[in-house]
Amino acid sequence: MELLRKVSEAPGISGFEYGIAEIIKKELEGHTDKIEEDAFGNLYVHKGKGPKTIMITAHTDEIGLIVKHIDEKGFIRFAKVGGVPDHVLLGQRVQVHGKNKKLSGTIGCKAIHVMKEDERKQLVTYDKMFVDTGATKDQLTKYGVRVGTPITIERGVTELENGLIVGRAMDDRAGCYMLIEALKNANPVNRIVGVFTVQEEVGLRGATVSSFSVRPDVGIAIDTTIAGDHPEIGESEAPIKLGSGPTLVVADGRRDSLGGGLIANPLVIQWLTDLAEKSNIKCQFEVLEGGTTDATAIQLSREGVPSGCIAIPARYVHSFSEVVSKNDIESGVRLLVSIMENPVPF
Ligand code: CO
Ligand code: ZN
């Protein structure tokens, strides 16, 4: 739980994942054969020898904001990095990561009292919001806050009832946690390359370059997925449930066509299904419309790589308060360990 809290709370929007990478390196030091980084910021953790190279990814980046403009009074306008919904932004506390000082701030907009009748009924879009740090423009300059400075949402991890927890960036720090734990504990029978990838939320960029250099025989992405077991989502729309185990993603992609996504290699799905059965791990099969993961980039590397994705169900994904189940996460770790400790049957 402490490690999950640490990786969840570490700031790191796409392109600025340094802090989280440091934590992972420290955590895995001495537990694996070799840890290296590439020029893009991806972290490669090598463990074990064997006939096959298995690449397992978890992305280190989180969605967030970036400074676009600072006005004369020091109010900051921002751009969104990754799929940030406007309706979760208002009133959030933020951290502005100035080069010389980390500043606290809050996201504000016009108060409801001064909104006209029709304005009140509308969603306030992000371009009508701004970050208030209390600092003047000159102070921001002194603190090293300028155009391009990353802004993260500030939220701690809190335990809920029945083994559930809520926290920021569970997408995909839950996956990072699982990969760290599995790499620490497994005795691999193949060459395992755990890759902590950067810039997933802006288009699977880290996985694209890292799968080229790893040359895997099999690729597995670990990520989060949409749990629909709460009000306002029909069961047939999103049948995945919290606490029913990690999902094996059979297909995902765009909402209209599953284009731009992954159709998991049937041999990979069969292998994962058999491993889960053998180790008594409850899993859910999933077809996800409206999103994809690093596995999509891995499968298209070089001459093609048999790939699959294991996802942890999460409620309210991309809301900065994502609810996940500790049981699902621990089952996911066990499944990863058995992937590492068993031969690949194809
Ligand atoms: Co995401
Ligand atoms: Zn993700």
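1. Which strands each supply at least two residues of the lining of the second largest cavity? In this predicted model, they are strand S13 (218-226), strand S14 (247-253), strand S16 (284-289) and strand S17 (307-314).

2. The second largest cavity has a volume of about 30 Å³. Its lining consists of Thr224, Thr225, Val249, Asp252, Glu286, Leu288, Thr293, Cys309 and Ala311. Sorted by class, these residues comprise four nonpolar, three polar and two charged.

3. As to the overall count, the structure holds two cavities of 30 Å³ or more. The largest cavity has a volume of about 50 Å³. Around the largest cavity lie Glu62, Ile63, Ala169, Asp171, Glu201, His318, Phe320 and Glu322. The class composition of this lining is three nonpolar, one polar and four charged residues; Glu62, Asp171, Glu201 and Glu322 are the charged members.

4. A separate point concerns helix H1, which spans residues 2-9. Its buried residues are Leu3, Leu4, Val7 and Ser8. Viewed down the axis of H1, these buried residues fall within an arc of 130 degrees, and they therefore line one face of the helix.

5. Several elements contribute to the cover over the buried residues of H1.

Key
Residues numbered from 1 in each chain as written. Chains lettered and ligands numbered in written order. Predicted model: local features only at pLDDT ≥ 70, side-chain atom pairs only at ≥ 80, totals over all residues. Heavy atoms only, no water. 1 Å grid on protein atoms, 1.4 Å probe; cavity = no way out; pocket = protein on both sides within 12 Å on 5 of 7 lines; lining within 4 Å. Points joined across faces, edges and corners; volume = space filled by probe spheres on them. Helix = DSSP H or I, 4+ residues; strand = E, 2+ residues; numbered from the N terminus. Buried < 20%, exposed > 50% of the residue type's maximum accessible area, 1.4 Å probe, protein only. Arc of directions from axis to C-beta. Contact = heavy atoms within 4.5 Å.
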